Amino acid sequence: MSRRRKITAHSFLMFLSSLQISVVGLLLLFILTFWGTVAQVQHGLYAAQERYFSSFYFLAMGFFPFPGAQLVLWILFINLCCALFNRVKYTWENTGLIIVHYGLVLFFVSAFVIFHCAQESHLTLREGQTANVSQSYAQWEVALWPKTMDHAKNVLARSLKNNKAPESLSYHSQDPSLDLNFTVKAYYPNARAFSAPFAGIKEKYLNASNLNVLKPVPVEKEPEKNVAGIILQLEKNNKPLVLLYGAEEEPTLLTVDGKEYYLSLRHTHFPLPVTVTLIDFIMDKHPGTEIARSYKSRVEIMHDGVSREILISMNEPLRFKNYTFYQASYQIDALGREASTLAVVKNSGRILPYIATFVTFFGLALHFLFSAFRFQRTRK
């Protein structure tokens, strides 16, 4: 008996390559896709994606553990690889089926690359508002810019990667003419900041909103609900302490050597290849209720001086180069003003699924062609 045959005869490998695992996995994917699609209406695109598709498991109904799409896809990938090694017969007549199986493997590789390399962010606009940058859901950065009339092109930002602050932040490395270095005294991925009587406060902080207390709170599972806070100490000018809070609307003014700068803790900004203007937000409600049945955004896209109007709905995203804009959610404030949130995905590996599709299609075509030849030979 050959070595390969001895290995394939192992009962555990036979179980991993069984068709029953494939059927159960595909059924679970169908349930998760339906479940996650319905949940987008109530919880938004990002929350539904994190719960149903990016997780290994989640608690259904609050207590019942249910496998997430990531776990199901890993099981199906192992099942497919074992089937390629254990069940597929490598003969000329099976060339088409072999190519199909490797095309499916390429689909899994594409999913892995996209999951770990794609850049996800969001863009929230009120009607008439324009933006050419999107914001991260979870990552934060400390932005600094000079106090001028036009600071849009002079913003320097230091990212807090993986929600972990370094021991120091230096803006000299980004701009050699700017000698500004900060020591990170405290950083909390989720915090609450407030003002307290100065009698009980030991430290005096520089802050635009007169905040002088920063307290950590437990990190939320949904990253968009976390509000970060950071305390920095400038390494010059008597070393003042600066308190920055992610929920502040106004930046903190900092004076160094007679020059004025603004500091702000904000979600990480990503430049977009286009300028987006929200012209109108349209929402349809279920009859007799205030529950949204569907919503869409009519936007103007400007690129290289050329503009066009696009309608982005829940099932019809906008694709531009490596970027895809999805209709994710919406907000209505106390004054009734509407705002639309677009999920922005930069996917440098988006060509991989197309290659996988072509390989799979070629394998199917080859398999059907060989089957037709075999049928003709049998008839003769």
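Predicted model: local features only at pLDDT ≥ 70, side-chain atom pairs only at ≥ 80, totals over all residues.
Leu272 sits in strand S14, which covers residues 259-285. Leu272 is buried, because its relative accessible area of 12% falls under the 20% cut-off. Leaving out residues up to four places away in sequence, Leu272 touches Leu123, Asn132, Val133, Ser134, Tyr323, Phe325 and Val344.

S14 is joined by 12 bridges to strand S4 (residues 130-146), and the two strands run antiparallel. Within this pair, Ala131 has Val276 of S14 as its bridge partner. S4 also pairs with strand S5 (residues 156-160), again in an antiparallel arrangement, here through 5 bridges. Glu141 and Ser159, the latter in S5, are bridge partners.

A further set of strands forms an open sheet. Its 5 strands follow the order S6-S7-S11-S12-S9, with mixed pairing. At the edges are strand S6 (168-170) and strand S9 (205-206), each of which pairs on one side only. Inside this order, strand S7 (residues 181-188) and strand S11 (residues 229-234) run antiparallel and are joined by 6 bridges. Thr183 has Gln233 in S11 as its bridge partner.

Attention can now turn to the helices. Helix H6 (residues 95-117) and helix H7 (residues 351-379) have axes that come within 7 Å and cross at roughly 170°. The two helices are therefore roughly antiparallel to each other, since the crossing angle is over 145 degrees. By class, the contact between H6 and H7 holds 17 nonpolar residues, 8 polar residues and no charged residues.

Both helices have end-to-end spans close to expectation. H6, with 23 residues, reaches 32 Å from its first C-alpha to its last, close to the 33 Å expected at 1.5 Å a residue. For H7, with 29 residues, the corresponding reach is 42 Å, close to the expected 42 Å.

In H7, the buried residues are Ala356, Thr360, Gly363, Leu366 and His367. H6 is included in what covers the buried residues of H7.

Met314 lies between strand S16 (306-313) and strand S17 (318-320), in the loop that links them. Its relative accessible area is 22%, so Met314 is partly exposed. With neighbours within four places in sequence left aside, Met314 is in contact with Val41, Ser294, Tyr295 and Gln327. The C-alpha atoms of Met314 and Ser329 are separated by 9.0 Å, the two residues being 15 residues apart along the chain. Taken side by side, Leu272 is buried, whereas Met314 is partly exposed.

Note on methods. Residues numbered from 1 in each chain as written. Heavy atoms only, no water. Axes fitted to C-alpha atoms, helices over the stretch in contact; angles between N-to-C directions. Helix = DSSP H or I, 4+ residues; strand = E, 2+ residues; numbered from the N terminus. Parallel < 35°, antiparallel > 145°, perpendicular 65-115°, else oblique. Nonpolar A, V, L, I, M, F, W, Y, C, P; charged D, E, K, R; others polar. Pairing = 2+ DSSP bridges. Expected span 1.5 Å × (residues − 1). Buried < 20%, exposed > 50% of the residue type's maximum accessible area, 1.4 Å probe, protein only. Contact = heavy atoms within 4.5 Å.
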